[in-house]
Amino acid sequence: RPAFVWVAFPLMFLYLYLLTTVAGVVAVVLLWAATWLLPWWDAVRATGPQPPDLATIIGPGIGAVLAVLISAAYRHLLAQAVHHQRVAAALQAAQTDLAATEHRAGQLEERERLAREIHDTLAQGFSSIVLVSRAARQSQELSPSTQQSLELIEETASANLTEARGLIQHLGTAD
């Protein structure tokens, strides 16, 4: 019996791994044929014509079929793993994009909230101070120093109102 028959099964896996699917199956069939033809031919030369032993055909044939099936299952599992890796990478990228979008939306929401707060509290308060100080300066009974103090209050409140409006505009013009 030729010694190569014992390495035929691992060689079948190697052919199926290294070659394309069709070429691998052809190589396995040829190797299977060699595993029973060569020992049969060796026996024919040694003892004369005889039919091939059915076990020497079926045994390597079962090994060849198993090698093809196992290799096909391996290739399928490998393709599934690659597919799942790609899906996982796409999912991770989508989650990263979503997190960035949610973060940006949160920033914009906070800017809008701050703009509303400044408008509703500071700007309204400065407007009220300006109006009250103008109304108070209209009184004829105030001393000049009180008039100057009211004018300073009005100027300071007006400047702060302008600055508050600028902040509101800046916060409101976010992308």
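Contact here means heavy atoms within 4.5 Å. The model is predicted, so local features need pLDDT of at least 70 and side-chain atom pairs count only at pLDDT 80 or more, while totals for chains, interfaces and linings use all residues. Residues are numbered from 1 along each chain as its sequence is written, and side-chain values use heavy atoms, with hydrogens and water left out.

**View 1. I168 and its contacts.** Setting aside neighbours within four places in sequence, I168 touches A115, I118, H119 and A123.

View 2. A nonpolar core is a set of buried Ala, Val, Leu, Ile, Met, Phe, Trp, Tyr and Cys residues joined through side-chain atoms within 4.5 Å; buried means under 20% relative accessible area, exposed over 50% and partly exposed in between (1.4 Å probe, protein chains only).

View 3. Rings of Phe, Tyr and Trp (its six-membered ring) pair if their centres lie within 6.5 Å, and planes under 30 degrees apart are stacked, over 60 edge-to-face and the rest tilted. That rule gives 3 aromatic pairs. W32 and W36 have ring centres 6.2 Å apart and planes at 55 degrees, so they're tilted. They sit 4 residues apart in helix α2 (residues 21-47), about one helical turn. W32 is partly exposed at 25%, whereas W36 is buried at 16%.

**View 4. W40 and W41.** Here's another tilted pair, with centres 6.5 Å apart and planes at 55 degrees. W40 is partly exposed at 25% relative accessibility, and W41 is partly exposed at 46%.

Terms used:
Helix = DSSP H or I, 4+ residues; strand = E, 2+ residues; numbered from the N terminus.
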